[in-house]
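User: I want to learn how to read local features in a model, one feature at a time. Please give the general idea before each case.

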Amino acid sequence: MKTVLVVDDENDIVQLIRYNLEREGFRVESARDGNEALKKAGEVKPDLILLDIMLPGKDGYEVIKSLNQAERTASIPVIFLTAKSAEFDEVLGLELGADDYIVKPISPRKLVSRIRAVLRRYEGVKSEEGKNIDFGILVIDRDSYMVKVAGEQVFFPRKEFEILFYLASHEGKVISRETLLSRVWGADVYVGDRTVDVHIRKIREKLGKHSEMIETIKGVGYKFKVE
């Protein structure tokens, strides 16, 4: 049974989501503010987090940043479910690593469908063949989400990890931004090219002096290469 952590400060919304998810066979945990969400996520380690943005204390943006910075919670898929409908908010949410961004209101059936789609995509990525990559200078372990750069362990939040893993799995091949978007976020989630570029910049920062392993192919995408 998959566990979903619902984070929203409106009790009516939490209860409505709980009713519909439990009816579909999910186990539901809930939190009413950002701090409680982080505590519950660490304790329960749910299969997915449904996260509002406008929360007491830490808002949803702060929560996802904190989730991504902690090894125990960085691999948990996150869907923003919020009343904030501006394009800026959606782009920011996806750039911070969310798997989907849903604007309220949404029908229960559509919500369940979007949750299942993210979980399917996540399970598909986890079950890929070739779980370990070892280039000497760069070692990636798929099971533990562990990356070593020049022998030093470096922490990568899940979206950054998935992009790096996909590029490294296709060493020497040019990978378009569209392919990365589809592979990491899924074809059913609209994400702009800028989101990929932001994640690539963060990956390069973590690779440090070895950042040249990811080469920009102007107008197309990126290529991973090891000299």
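User: Which residue follows H2, and is its phi positive or negative?

Analyst: Most residues other than glycine have a negative phi, and most peptide bonds are trans. Here H2 is followed by Lys-45, with a positive phi near 45°. Helices and strands are DSSP runs numbered from the N terminus (helices H or I, at least four residues; strands E, at least two). Lys-45 lies in the loop between H2 and S3. It is partly exposed, at 37% relative accessibility; buried means under 20% relative accessible area, exposed over 50%, and partly exposed in between, with a 1.4 Å probe and protein chains only.

This is a predicted model, in which local features need pLDDT of at least 70 and side-chain atom pairs count only at pLDDT 80 or more, while totals for chains, interfaces and linings use all residues. Residues are numbered from 1 along each chain as its sequence is written, and side-chain values use heavy atoms, with hydrogens and water left out.

User: Where is Ala-150 found? What is its phi?

Analyst: Ala-150 is in the loop between strand S8 (146-149) and strand S9 (152-154). Its phi is positive, near 55°, and the residue is not glycine. With a relative accessibility of 43%, Ala-150 is partly exposed.

User: Which residues does the cis peptide bond join?

Analyst: The cis bond is between Lys-104 and Pro-105, with omega about -5°. Pro-105 sits in the loop between strand S5 (100-103) and H5.

Lys-104 also takes part in a polar contact: its side chain and that of Asp-8 are joined at 2.7 Å. A polar contact is a pair of N or O atoms within 3.5 Å; within protein, one must be able to donate a hydrogen and the other to accept it, and residues adjacent in sequence count only if both atoms are side-chain atoms.

User: Is Asp-8 buried or exposed?

Analyst: Asp-8 has a relative accessible area of 2%, so it is buried. Its place is the loop between S1 and helix H1 (11-23). Apart from neighbours within four places in sequence, Asp-8 is in contact (heavy atoms within 4.5 Å) with Ile-13, Val-14, Ala-31, Arg-32, Asp-52, Leu-55 and Lys-104.

User: How do I read the faces of a helix? Which residues of H2 are buried?

Analyst: An α-helix has 3.6 residues a turn, so residues three or four places apart point the same way. In H2, Gly-34, Ala-37, Lys-40 and Ala-41 are buried. They lie on the same side of H2, because they cover an arc of only 120° around the axis. The arc is that of the directions from the helix axis to the C-beta atoms. Strand S1 (3-7), strand S2 (27-31), S3 and H3 are among the elements that cover these residues. The N-terminal end of H2 is capped by Asp-33, which has a side-chain oxygen 3.1 Å from the backbone nitrogen of Asn-35.

User: Which residues are buried in helix H3?

Analyst: H3 (residues 60-69) buries Gly-60, Tyr-61, Val-63, Ile-64, Leu-67 and Asn-68. Viewed down the axis of H3, they fall within an arc of 160°, so they line one face of the helix. They pack against helix H2 (34-44), strand S3 (48-51), strand S4 (78-82) and helix H4 (87-95). At the start of H3, Asp-59 brings a side-chain oxygen to within 3.1 Å of the backbone nitrogen of Tyr-61.

User: At what angle do the axes of H6 and H8 cross?

Analyst: Axes are lines fitted to C-alpha atoms, for helices over the stretch in contact, and angles run from 0 to 180 degrees between N-to-C directions. Angles under 35 degrees count as roughly parallel, over 145 as roughly antiparallel, 65 to 115 as roughly perpendicular and the rest as oblique. The axes of H6 (residues 158-169) and H8 (residues 193-207) cross at roughly 80° and come within 10 Å. H6 and H8 are therefore roughly perpendicular. Lys-159, Glu-160, Ile-163, Leu-164 and Leu-167 of H6 make the contact with His-199, Ile-200, Lys-202, Ile-203 and Lys-206 of H8. By class, this contact has five nonpolar, one polar and four charged residues. Ala, Val, Leu, Ile, Met, Phe, Trp, Tyr, Cys and Pro count as nonpolar, Asp, Glu, Lys and Arg as charged, and the others, Gly among them, as polar.

User: How far apart are the axes of H7 and H8?

Analyst: The axes of H7 (residues 177-184) and H8 are 9 Å apart, at an angle of about 85°. H7 is thus roughly perpendicular to H8. The contact is made by Arg-177, Glu-178, Leu-180 and Leu-181 of H7 and by Asp-193, Val-196 and Asp-197 of H8.
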